Amino acid sequence: MSLWGSFDKNEISILLFVVVSYAVLFLLPKKFAREITLLFLLWGFTIGVLFDFTIGGGLVDFFKLNDSNGYRLFDLLYYLLFAPFSYFFIYFYESFRINKKTFIWYIVAWAMIGVGMQWVFTLLEIVQFQKGYKIPFSFPIFLMTQTVTGLYYELVFSKFKVLKSNG
């Protein structure tokens, strides 16, 4: 694995996104226990990498990251952006007190944010689509991942409340 092909706007952009997103993450007032925060950072990283490897690699290979189809250091930094994205999702989920009536709208809004971020990443040449893949194709993927994340949060939150009340 090489570090990078050429150090230009996509690498600089990724560094800025990583610094800003993690700074915001650490500056936001704390809402969750440390375990929950770490769990959803890990969850976001994992589900993002899983879907990116599924459609961005292997036989389908619908996009490349950072100038190359091979993996480089800045691809890992790009993947680290999924962790704060997941944390912000649950942070505002809790802040806005999302319930059964507002769940769908919240998911749709976050799917649109995800597509919007992907559009920005294509402008910055962090993500480059190939084989006919287009940005709107990502919308259902974001709908699915955000829905699973929301349902997972509800499950973890209900179990965590039970654990807190019993112990």
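1. A crossing of two helices is called left-handed if the near helix is turned anticlockwise from the far one by less than a right angle. In this predicted model, the crossing of α1 and α4 is left-handed. Helix α1 spans residues 9–27 and helix α4 spans residues 82–95; their axes lie 9 Å apart, at an angle of about 35°.

2. The residues that make this contact are Ser21, Tyr22, Val24 and Leu25 on the α1 side, and Ala83, Pro84, Tyr87 and Phe88 on the α4 side. Sorted by class, the contact of α1 with α4 holds 7 nonpolar residues and 1 polar residue, with no charged residues.

3. As to the overall architecture, the protein contains 6 helices and 2 strands. Along the sequence these elements follow the order α-α-β-α-α-α-β-α. The radius of gyration is 17 Å, close to the 15 Å that the globule rule gives for 167 residues, so the protein is as compact as a globular protein of that length. Taken along the principal axes, the C-alpha atoms fill a box of roughly 55 × 30 × 25 Å.

4. The largest pocket deserves a separate point. Its space amounts to about 630 Å³. The pocket is lined by 32 residues, of which Leu81, Phe82, Phe85, Gly114 and Phe142 are the closest to its centre. Two or more lining residues are given by each of α1, α2 (34–56), α4, α5 (103–123) and α6 (138–166). Helix α2 supplies the largest share of this lining, 7 residues.

5. The class composition of the pocket lining is 21 nonpolar, 10 polar and 1 charged.

6. The largest cavity holds about 80 Å³ of space. Its lining consists of Asp52, Gly56, Phe63, Lys64, Leu65, Ser68, Asn69, Gly70, Tyr71, Asp75 and Tyr79.

7. The elements that give two or more residues to the cavity lining are α2, β1 (63–65) and α3 (73–79). Strand β1 gives the most, with 3 residues. By class, the cavity lining comprises 4 nonpolar, 4 polar and 3 charged residues. Helix α2 is named for both spaces: it is among the elements giving two or more residues to the lining of the largest cavity, and it gives 7 residues to the lining of the largest pocket.

Terms used: Residues are numbered from 1 along each chain as its sequence is written. This is a predicted model: local features need pLDDT of at least 70, side-chain atom pairs count only at pLDDT 80 or more; totals for chains, interfaces and linings use all residues. Side-chain values use heavy atoms; hydrogens and water are left out. Axes are lines fitted to C-alpha atoms, for helices over the stretch in contact, and angles run from 0 to 180 degrees between N-to-C directions. Helices (H or I, at least four residues) and strands (E, at least two) are DSSP runs, numbered from the N terminus. Contact means heavy atoms within 4.5 Å. Ala, Val, Leu, Ile, Met, Phe, Trp, Tyr, Cys and Pro count as nonpolar, Asp, Glu, Lys and Arg as charged, and the others, Gly among them, as polar. On a 1 Å grid over the protein atoms alone, a cavity is a set of points where a 1.4 Å probe fits but cannot get out, and a pocket is an open set with protein on both sides within 12 Å along at least five of seven lines; lining residues have an atom within 4 Å of a point. Grid points are joined across faces, edges and corners, and a volume is the space filled by probe spheres set on the points. The radius of gyration is taken over C-alpha atoms; the globule rule is 2.2 Å times the number of residues to the power 0.38.
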